[in-house]
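Subject: Structure handover

Hi,

Here is the structure I promised to pass on to you.

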Amino acid sequence: NGRTDLDDLTPDEKLGIAGGYDIDQPQSLKRLLDQYLADTEYPISLIRRMGEVTHSSLNALFRDVEVSNELPYLVKDKLTYGDILSLLPVEAPWFSGYMMIQAEEQPMLGLIKDGRTAIDGARVDFRDVMGMLSEITNLAWGGLRTRLLALHPPALDDGMRISVPITVNQYKEYISFGTDRSQLCFKYSLRDIQGRLPPVTLYQKFIFNIRWSPEDYLQADENKVEDLVESGCLELF
């Protein structure tokens, strides 16, 4: 009681903990519930699939780097990170919106120049960095889409699709998708195992601004809570 920090824990112990709260300060618990995945807005198995596929995609695209990701969380702000981003429409039987991946150009440029990707590092410029970001985006969504559609193939729909305006202010590092729904955010770090290059940080956000039906997803999902507990993906206390 009386503290919310984790200073008395070792670094290894902190890895599996999203945050601390004081039982006498309900607001400290509410902040954690609002930000992290105690929120029922996004089913745990969907979150797990997103993280697993993107992690595998990054491992496939980069050599001699260690890929790690922090606990996913929810954000309501509309701020962007870094100086480059890719934006891809994403759609499944249960949702429709966008996947956005953001990064900083120079660290990514360093990995490409050092031959950590399939791109020739001899003559590299910003176009190669943008191409790499597009490749990450396409591979991550392609793998996730395949896994999701295996649960429930979409029915043919010849109707008109709904569109929502997206507004961007690059100077203010601001982007709006026309909704107040929480964005699901994943943070990935690419660290040079040789210790010579600065790390690359990637932020992946899912914004379901057009359609979101978690109930329908849960009906199609074969991974119930009991299965997640048995597999070790979820612990109940």
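Below is what turned up, starting with the chain as a whole and then moving to the aromatic rings and the cavity.

Bear in mind that this is a predicted model, where local features need pLDDT of at least 70, side-chain atom pairs count only at pLDDT 80 or more, and totals for chains, interfaces and linings use all residues. Residues are numbered from 1 along each chain as its sequence is written, and side-chain values use heavy atoms, with hydrogens and water left out.

On confidence: pLDDT is the predictor's confidence in each residue, from 0 to 100. The protein chain averages 82, with 80% of its residues at 70 or more.

Of the 237 residues, 39% are buried, meaning under 20% relative accessible area with a 1.4 Å probe, protein chains only. Taking contacts (heavy atoms within 4.5 Å) between residues at least 6 apart in sequence, 69% join residues at least 24 apart.

Now the rings. A search of the whole structure gives twelve aromatic pairs, where rings of Phe, Tyr and Trp (its six-membered ring) pair if their centres lie within 6.5 Å, with planes under 30 degrees apart called stacked, over 60 edge-to-face and the rest tilted. Trp 94 and Tyr 217 have ring centres 5.3 Å apart and planes at 85°, so they are edge-to-face. This pair links distant parts of the chain: Trp 94 sits in the loop between β3 (84-92) and β4 (95-103), and Tyr 217 in helix α6 (residues 214-220), 123 residues apart. Trp 94 is buried at 1% relative accessible area, and Tyr 217 is buried at 1%.

Phe 186 and Tyr 188 are stacked, because their planes are at 15° with centres 6.3 Å apart. Both belong to one aromatic cluster, which also includes Tyr 42, Phe 95 and Trp 141.

Finally, there is one cavity of 30 Å³ or more. On a 1 Å grid over the protein atoms alone, a cavity is a set of points where a 1.4 Å probe fits but cannot get out, and lining residues have an atom within 4 Å of a point. The lining of the largest cavity includes Lys 76, Asp 77 and Arg 181.

Cheers

Notes:
Helices (H or I, at least four residues) and strands (E, at least two) are DSSP runs, numbered from the N terminus. Buried means under 20% relative accessible area, exposed over 50%, partly exposed in between (1.4 Å probe, protein chains only). On a 1 Å grid over the protein atoms alone, a cavity is a set of points where a 1.4 Å probe fits but cannot get out, and a pocket is an open set with protein on both sides within 12 Å along at least five of seven lines; lining residues have an atom within 4 Å of a point. Grid points are joined across faces, edges and corners, and a volume is the space filled by probe spheres set on the points.
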